[in-house]
Amino acid sequence: MKTLVELSKELLANGVTEYIIGYTQQPDGKRLRPFVARNESEAEKLVFSEYAVNNLSVYLTRIPFPENKKAGIVVKGCDARSIVSLIQENQIARDKVYIIGVECTGVRSDTRLTDGPGFLASKCLRCEVKTPPLYDELVSVSVQHELQRDESKAALMERLQQMSANDRFTFWAAEFEKCIRCYACRQACPNCYCEQCVVDKTTPRWIESSASIRANFAWNITRAFHQAGRCTGCGECDRACPVDIPLSLLNMKLGMIAMKEYGYKAGMNPEEPTLIGTYNINDREDFIK
């Protein structure tokens with residue numbers, strides 16, 4: 001099995017890819033940041049570790065695709081699921097992207113810290129795709145870490161499940177009140193690729209642009225429903241939120257409903273029709289009132 005650098009240099013040298021979206025080292029020697037390698041020399045800088053937290057698939061709808069070559073990208077299992085969703089929704093063509101898969105054992109949640117064992121990101125606790133479901137070639141990476149498990153978010157989800165509808169409404173109303181409308185969740189999400197977001201429309205104005213209780217609730221609930229049956233659980237919305245709203249729990253709940261009602265898990269099979277965009281005459285309709 002080739003290493004990440006070996007394969008990347010080969011793809012760039014042979015003209016298979018125009019560039020490779022991956023990770024490179026921060027000056028502190030541990031943390032990583034997204035990086036685009038465009039030649040063999042830059043490919044030497046590509047690395048992977050428990051600090052490879054970013055879901056790089058978000059760049060596939062923001063960096064122009066090369067005309068005669070492929071776009072290369074390094075993906076973990078959760079990132080690959082996002083790419084599958086983008087293919088399903090006709091945002092990218094499968095034959096225009098070279099997917100370099102990495103078998104991931106988990107990434108850190110506390111990426112600002114570079115000392116100590118650290119904590120495993122909450123998304124990794126429930127991860128079912130250590131190996132990407134879609135890739136062109138797997139690469140060998142050496143990751144040695146002992147990350148501690150943090151079950152606090154799983155416990156919060158369990159508490160929410162046990163709450164009454166009124167109590168859940170009160171909980172989320174308080175969380176949304178903290179929202180400063182920075183839209184970091186939108187910018188970090190691979191599924192938010194609309195050229196103009198509904199919140200930016202002014203004629204008509206569907207959602208107030210200012211940070212107010214009513215507008216914040218409308219924005220966050222609208223965005224959550226736009227993720228129904230589409231969210232792949234990459235957790236970037238949680239990580240990007242500067243006020244720590246547990247947005248992924250909303251998406252997780254909608255994903256649980258999609259699985260229960262339709263047996264559908266987002267981002268697993270590029271040949272499978274999307275949940276929201278598909279009509280099946282055998283679908284249950286007893287929820288329609």
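I'll start with a loop residue. Arg-62 touches Arg-186, Gln-187, Cys-189 and Cys-192, leaving aside residues up to four places away in sequence. Keep in mind that this is a predicted model. Arg-62 sits in the loop that runs between α2, residues 40–43, and β3. Its C-alpha atom is 9.7 Å from that of Pro-190, although 128 residues separate Arg-62 and Pro-190 along the chain. Is Arg-62 buried, partly exposed or exposed? The relative accessible area of Arg-62 is 38%, so it counts as partly exposed, the class between under 20% for buried and over 50% for exposed.

Next, the sheet. There are five strands in an open sheet, ordered β2-β1-β3-β4-β5, and the pairing is mixed. At the edges are β2, residues 32–37, and β5, residues 137–139, each of which pairs on one side only. On average, neighbouring strands of this sheet are turned by 25 degrees against each other, ignoring direction.

Now the strand pairs. As a reminder, strands of a sheet pair through backbone hydrogen bonds, either parallel or antiparallel. β1 and β2 run antiparallel and are joined by six bridges. β1 and β2 form a hairpin, with six residues between the two strands. In that turn, Gly-29 has a positive phi of about 85 degrees.

In which sense do β3 and β4 pair? Strand β3, residues 70–75, and strand β4, residues 97–102, are parallel, with five bridges. Ala-71 stands opposite Val-97 in β4, and Gly-72 stands opposite Tyr-98.

How many residues of β4 are buried? Six of its six are, so the strand is mostly covered by the under-20% criterion. Both faces of β4 are covered. Val-97, Ile-99 and Gly-101 are buried on one side, and Tyr-98, Ile-100 and Val-102 on the other.

Last topic: helix α5 and two of its contacts. Two packed helices are described by the angle between their axes and the distance between the axes. Take α5, residues 152–162, with α10, residues 247–262: the axes come within 11 Å and cross at roughly 60 degrees. The crossing of α5 past α10 is right-handed. On the α5 side the residues are Lys-153, Leu-156, Met-157, Leu-160 and Gln-161, and they meet Ser-248, Leu-249, Met-252, Lys-253 and Met-256 in α10. By class, the residues of this contact are six nonpolar, two polar and two charged.

The other partner is α6, residues 165–177. The axes of α5 and α6 are 8 Å apart, and the packing angle is about 135 degrees. α5 and α6 are therefore oblique to each other as well. Here Leu-156, Leu-160 and Gln-161 in α5 meet Arg-168, Phe-171 and Trp-172 in α6. The contact of α5 with α6 divides into four nonpolar residues, one polar and one charged.

Methods
Residues numbered from 1 in each chain as written. Predicted model: local features only at pLDDT ≥ 70, side-chain atom pairs only at ≥ 80, totals over all residues. Heavy atoms only, no water. Pairing = 2+ DSSP bridges. Helix = DSSP H or I, 4+ residues; strand = E, 2+ residues; numbered from the N terminus. Axes fitted to C-alpha atoms, helices over the stretch in contact; angles between N-to-C directions. Left-handed = near helix turned anticlockwise from the far one by under 90°. Contact = heavy atoms within 4.5 Å. Nonpolar A, V, L, I, M, F, W, Y, C, P; charged D, E, K, R; others polar. Buried < 20%, exposed > 50% of the residue type's maximum accessible area, 1.4 Å probe, protein only. Parallel < 35°, antiparallel > 145°, perpendicular 65-115°, else oblique.
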